[in-house]
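Thank you all for making the time this morning.

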Amino acid sequence: MITAETIAAHGLTEAEFTRAKALIGREPNLVELGILAALWSEHCSYKSSKRWLGELPTTAPWVVHGPGENAGIVDIGDGQVAVFKMESHNHPSFIEPTQGAATGVGGILRDVFTMGARPVATLNALWFGNPQHEKTQHLVAGVVNGIGGYGNCVGVPTVGGACSFDDAYNGNILVNAMAVGVADKDRVFYAKASGPGNPVVYVGAKTGRDGIHGATMASAEFDEGIDARRPTVQVGDPFTEKLLIEACLELMATDAVVAIQDMGAAGLTSSASEMAAKGGVGIDLDLDRIPLREDAMNAYEIMLSESQERMLMVLRPEKSNVARAIFEKWELDFSVIGKITDRQRLSVRRDGALAADMAIAPLVENAPVYDRNWASVPPLCKLAPPPPPEDVNRCLLQLMGGPDLCSKRWIWQQYDSMVMADTVQGPGGDAAVVRVHGSNKGLALTTDCTPRYCSADPETGGAQAVAEAFRNLVAVGARPLAITDCLNFGNPERPEVMGQFVGCIRGMVRACQALDLPVVSGNVSFYNETNGRAIHPTPMIGAVGVIADLDHMKTLAIKGDGDVLLLIGETHGNLGASLYAREIAHAESAAPPPIDLAMERRVGDLVHQLIDRDLINACHDVSDGGLYVALAEMALAGNLGVTLDVPSAPATHVWLFAEDQARFIVATTASSARDVLATASDFNIPAQEIGRAGGDALTVSGARPISLTMLRQAHEAWLPRYMDEG
Amino acid sequence: MNLGVIVFPGSNCDRDVQVALSPRQSGGEPSMIWHRENTLPALDLIVLPGGYSYGDYLRSGAMAAHSPVMRAVVEAAQAGIPILAICNGFQIAAEAGLVPGGLIANENRKFICRDVDLRVENSDSRFTSGYQNGQIVRYPIAHHDGNYYADEETLNRLEGEGQIAFRYCSADGAVTDADNPNGSSRNIAGVFNQSRNVLALMPHPERAADSRLGGCDGHALFDALLASLS
């Protein structure tokens with residue numbers, strides 16, 4: 001008999017349980033309840049977000065497969081596709097940072113190679129709490145150790161990402177991992193099971209008790225008791241993952257595989273159910289044949305274990321031995337654990353007895369969908385310009401040497417960013433670039449979001465996250481193709497959180513349409529809140545673009561003495577929600593800079609043309625910290641100073657630190673500068689010369705020069721000092 | 001010319017070194033040899049590649065050193081066949097006794113991935129003859145356990161017999177503690193065996209052999225090595 005307590009402990013409401021009973025036609029037993037609760041968890045069912053996710057554009061001529069599979073697929077030409085997805089591992093990483101982050105990397109890699117793609121790069125976007133918070137340093141150390149330990153061993157380069165700090169993440173950090181793979185377009189594999197009688201095969205690592213209820217944990221908020229949840233965190237084994245990649249790709253080169261799905265959230269339950277539901281077939285599983293790591297595991301535990309590095313496959317029966325030989329060569333477990341049936345039921349046996357037997361498609365298809373109440377976030381006023389500071393250079397040092405903008409070298413130097421020998425542009429630039437192996441093409445990759453904008457104005461923030469990702473791809477010379485999203489929010493049952501979600505989605509929809517960037521995969525992470533305090537709305541965007549000819553790739557480093565620096569785009573002087581407003585002016589919350597998506601598009605097209613015509617030799621988008629920070633980053637990367645000509649209006653500090661959108665700084669030789677200005681004028685986009693490269697200092701008219709040595713020292717010092725001496 | 005790259009479970013720079021060698025020799029790609037082989041085909045060069053053989057479990061290189069193929073590799077080394085051991089390959093070579101000393105965790109206990117400057121200590125080998133003694137070259141490192149350790153007597157012998165191939169140094173060639181990324185004894189980045197047909201080094205020459213990837217200082221190593229074989 002299932003009690004009300006048992007139902008609640010599985011994260012289901014009474015109404016949901018009643019609905020499930022009606023679909024099953026009787027009361028479920030405990031194993032069935034466990035399966036049902038996992039499938040209907042927020043994490044697996046998207047029950048609070050589905051209603052809104054449907055509004056995101058997901059198609060384009062170059063999209064091969066959008067959301068709904070393990071990862072999204074876009075055409076990159078020459079018969080090849082890029083396969084990519086970003087996913088959150090927030091809850092486990094807060095509880096057990098090293099294993100939580102490591103298994104986040106492992107899981108997202110499996111989503112990519114499950115589809116037949118060799119993983120070629122990972123990125124990760126990290127948000128931590130205030131550096132002074134008692135847990136922050138420990139969490140940074142653990143997460144970085146987990147990501148590095150996994151990615152380095154598995155041999156996929158960690159090429160980029162983002163890391164920042166904010167009070168809003170004190171109780172809930174964000175660990176969002178993105179993986180990108182490359183496959184031949186005609187060798188992509190899906191999770192759609194078919195062929196009654198075909199064997200269902202388990203491969204990879206053994207099953208233990210780790211991670212049971214991981215999906216339901218990720219679907220609840222935290223309170224003081226979270227440390228007790230540590231046993232629900234999975235443990236990663238990158239060595240087994242490496243073997244699994246090689247074995248799966250070797251097998252996929254044969255024609256043995258009918259369908260394949262990794263065992264991620266809710267483990268065997270979710271993989272078996274999804275494969276069956278997608279194919280409109282049933283699956284019989286004999287749990288006595290599952291390779292187990294621990295003794296006396298019952299059906300409930302086996303079905304809900306989230307042990308890592310495991311895959312479920314449907315094979316052609318006559319090829320089963322080919323597959324077995326490959327997995328034995330790689331010393332991985334291989335076990336035929338069941339077969340496909342035409343009964344459309346998930347039927348599970350343990351110790352010879354029937355342990356669960358339910359019609360599966362109705363449960364997957366009729367998972368509850370909620371149109372949650374939501375309340376719009378009230379608009380904030382525009383920021384009145386703050387008074388000028390005493391010394392703009394001291395402001396620059398403070399920003400460049402603070403937690404938000406400081407160099408993250410301490411982190412990325414612990415990641416192997418070069419393995420596979422195709423990393424053309426590693427961490428530290430606008431976007432990372434990996435060469436498509438054996439070609440002269442590149443994939444440009446970036447992750448972006450500005451949570452303080454999303455918090456101040458969700459719709460503008462959602463649009464800005466997409467626009468900034470677009471700009472970062474354009475800046476390295478890529479044609480932006482598509483995005484994956486990782487939507488991190490608080491408790492969706494609270495109307496104000498749901499209002500943030502709706503606002504961000506609406507902004508993303510507008511930006512994706514205006515910039516031709518369909519969403520091809522993604523993940524929603526709700527319940528990022530502790531004791532009723534939610535994180536900033538953080539719709540993290542992972543974007544992929546293609547560079548047709550790597551000779552046209554750009555970096556942000558200034559190249560030559562005497563080169564001219566030009567600002568492209570319009571400066572309005574908007575300091576609202578800027579880093580300057582928060583860190584220097586300590587201003588009240590205010591509206592973020594508005595987004596003009598038509599302008600973003602035109603500016604992007606202009607920069608793309610400037611790069612195509614070889615008119616510029618360095619390029620950087622203007623984002624966090626504004627123009628002065630962007631210039632400083634270009635100067636540090638090129639190890640060349642800049643003398644800036646400040647216009648008479650707006651006020652110098654406003655011009656230097658405003659975060660107006662749709663802007664780039666480009667560098668070019670003195671002889672090409674006129675062509676750049678003329679081209680900008682053809683596009684009807686403001687462009688102006690703002691300075692010249694030379695020397696070893698940044699010089700703003702009216703202020704003392706600031707040496708690159710001093711700037712670099714400030715930029716590089718903060719994170720190592722915080723981590724190693726703090 | 002027959003070149004072979006040994007692939008252990010967990011090797012992950014096997015393809016990278018295969019790519020670095022391929023365009024530089026006429027005989028096509030080096031062959032990949034699975035670690036379970038008991039015998040080797042006739043080879044002119046054996047590469048022990050970088051990576052995480054056996055996940056670095058137990059101790060870096062310790063389990064791979066007992067792979068079936070390693071007996072044949074040791075015999076080949078004794079017969080004078082050139083062996084290039086990079087990163088995890090160095091750890092395996094040390095565990096298998098192909099070169100003296102061992103590799104322990106970096107002094108800062110962290111994985112380090114970055115370019116380093118190296119001083120060529122002995123250009124009198126088939127691996128380093130494309131460089132001058134004292135020349136400074138730049139290769140990347142990417143390791144957690146790259147801290148070379150040997151006892152004083154061994155270190156003195158290595159120095160006396162010209163078995164030190166590379167040392168970590170500053171951009172102008174000074175060998176200082178500040179330029180020692182991982183705490184290696186006497187800044188040692190790479191060593192030869194006594195007859196100098198085995199080179200084992202932590203830095204990655206195969207990651208410094210493509211102008212797109214930021215440097216080509218590794219070309220001279222591969223060119224000299226392949227020229228010595230033909």
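Let me begin with a pair that spans two chains: A:Glu331 forms a salt bridge with B:Arg36, and the closest N and O atoms are 2.9 Å apart, where a salt bridge is a side-chain nitrogen of Lys or Arg within 4 Å of a carboxyl oxygen of Asp or Glu. Before going further, please keep in mind that this is a predicted model, in which local features need pLDDT of at least 70 and side-chain atom pairs count only at pLDDT 80 or more, while totals for chains, interfaces and linings use all residues. Residues are numbered from 1 along each chain as its sequence is written, chains are lettered from A and ligands numbered from 1 in the order in which they are written, and side-chain values use heavy atoms, with hydrogens and water left out.

A:Glu331 is partly exposed, with a relative accessible area of 44%, and B:Arg36 is also partly exposed, at 38%; here buried means under 20% relative accessible area, exposed over 50%, and partly exposed in between, with a 1.4 Å probe and protein chains only. The count between chain A and chain B is six salt bridges.

How many residues of each chain are in contact at this interface? In chain A there are 33, and they touch 27 residues of chain B, contact meaning heavy atoms within 4.5 Å. The area buried between the two chains is about 2500 Å², of which carbon and sulfur atoms give 57%; buried area is the accessible area, again with a 1.4 Å probe, that two parts lose on being put together, summed over both. On the side of chain A, the residues that lose the most area to chain B are A:Phe239, A:Gln413 and A:Met418, together 23% of what that side buries.

In one of them, the side chains of A:Arg209 and A:Glu301 meet at 2.9 Å, N to O. A:Arg209 lies in the loop between strand 7 (199-204) and helix 9 (214-217) of chain A, and A:Glu301 in helix 12 (residues 299-304), so the pair ties together parts that are 92 residues apart in sequence. For these elements, helices (H or I, at least four residues) and strands (E, at least two) are DSSP runs, numbered from the N terminus. A:Arg209 is partly exposed, at 28%, whereas A:Glu301, at 16% relative accessibility, counts as buried.

In chain B, the side chains of B:Arg167 and B:Glu121 meet in a salt bridge of 3.1 Å, N to O. This pair links distant parts of the chain, 46 residues apart, with B:Arg167 in strand 9 and B:Glu121 in the loop between strand 6 and strand 7. B:Arg167 is buried, with a relative accessible area of 11%.

Finally, the aromatic side chains: there are 19 aromatic pairs over all chains. Rings of Phe, Tyr and Trp (its six-membered ring) pair if their centres lie within 6.5 Å, and planes under 30 degrees apart count as stacked, over 60 as edge-to-face and the rest as tilted. The ring centres of A:Trp718 and A:Tyr722 are 4.9 Å apart and the planes are at 10°, so this pair is stacked.
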